[in-house]
Amino acid sequence: MESYYLAIHGHALAAGYPGFADATSQQRDRVDFDYSNGSGLERLVGTQFEHVLALAPTEDGWAATVCSGNYSVMAEKDDRFFNLTGPSPQAETVRIVAPEQMLSVHSESRAAKGAERAPSADVFAGWKIAGHEQAARDQNAYSECDSRMPDARDARPQKANLPHDAPYPTLAPFPGWPRYDEN
């Protein structure tokens with residue numbers, strides 16, 4: 001999800017994490033990551049919150065329902081800061097396909113956490129993104145996502161595009177990414 005939003009807002013497939021281009025090769029006919037409406041890149045500040053709400057096995061991988069709360073992400077325009085959204089998080093569905101060798105072998109997982117904001121190595125490792133829907137089919141997921149955000153609903157911005165003189169804080173990455181030269 002992080003790579004998806006980096007690529008969309010960065011108007012470039014290469015703005016995603018290492019390996020994202022290969023992982024999304026099946027999606028290129030659906031999503032133009034290199035699309036630009038002619039405007040320059042927005043400078044975004046703040047923190048987007050992601051939460052894996054549900055994870056279900058499929059015959060070739062996994063289906064995940066992910067909560068995306070970007071209510072504390074702001075765009076900078078003319079020395080002012082504007083909310084991207086109001087208080088409601090999105091409930092999104094992602095279907096991922098496991099590499100062939102993972103379907104028949106139980107592999108050891110390694111914790112991916114650290115102080116880095118982004119990975120420096122391919123974290124997709126052969127996994128493919130087979131589908132991404134920005135709206136979950138299960139309508140109950142929206143209320144569940146709302147309760148999983150770190151800020152109470154009434155403490156979140158109530159409307160999009162409200163101007164502010166200062167941005168929301170950009171929080172430290174959690175759980176963050178490890179330094180791959182230390183592994």
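Good morning, colleagues. The structure is a predicted model, in which local features need pLDDT of at least 70, side-chain atom pairs count only at pLDDT 80 or more, and totals for chains, interfaces and linings use all residues. Residues are numbered from 1 along each chain as its sequence is written, and side-chain values use heavy atoms, with hydrogens and water left out.

I begin with the overall architecture. The chain has four helices and six strands; these are DSSP runs numbered from the N terminus, helices being H or I with at least four residues and strands being E with at least two. Read from the N terminus, the order of elements is α-α-β-β-β-β-α-β-α-β. Among contacts with a separation of 6 or more, 75% join residues 24 or more positions apart, where contact means heavy atoms within 4.5 Å. The chain exposes about 11300 Å², of which carbon and sulfur atoms supply 52%; accessible areas come from the Shrake-Rupley method with a 1.4 Å probe, and for residues only the protein chains shown count as cover. Of the 183 residues, 32% are buried. Here, buried means under 20% relative accessible area, exposed means over 50%, and partly exposed lies in between (1.4 Å probe, protein chains only).

I turn next to the interior. A nonpolar core is a set of buried Ala, Val, Leu, Ile, Met, Phe, Trp, Tyr and Cys residues joined through side-chain atoms within 4.5 Å. The largest such core has eleven residues, among them Tyr4, Leu13, Phe20, Val94, Phe124 and Trp177. Two elements, α1 (2–9) and α2 (20–23), each give two or more residues to this core, and α1 provides the largest share, with three.

Which cysteines form a disulfide? They are Cys67 and Cys145, with sulfur atoms 2.1 Å apart. The criterion is a pair of cysteine sulfur atoms within 2.5 Å, and the count by this rule is one. The link is left-handed, with -80 degrees about the S-S bond. Cys67 belongs to strand β2 (residues 61–77) and Cys145 to helix α4, so the pair ties together parts that are 78 residues apart in sequence. Both cysteines, Cys67 and Cys145, are buried.

Finally, the charged pairs. A salt bridge is a side-chain nitrogen of Lys or Arg within 4 Å of a carboxyl oxygen of Asp or Glu, and the structure holds eight of them. One of these joins Asp165 to Arg80, the closest N and O atoms being 3.0 Å apart. Asp165 lies in the segment after β6 (163–164) and Arg80 in strand β3 (residues 80–83), so this pair ties together parts that are 85 residues apart in sequence. Asp165 is exposed, at 64% relative accessibility, whereas Arg80 is partly exposed, at 33%.

Another salt bridge pairs Glu144 with Arg148, again with the closest N and O atoms 3.0 Å apart. Glu144 and Arg148 are four residues apart in helix α4 (residues 140–148), and therefore about one helical turn separates them. Glu144 is partly exposed, with a relative accessible area of 32%, and Arg148 is partly exposed at 40%.

Asp146 also forms a salt bridge with Arg153, at 2.8 Å from N to O. Asp146, Arg153 and Arg156 are linked in a network of salt bridges. Within it, Arg153 is partly exposed, at 37% relative accessibility.

Thank you for your attention.
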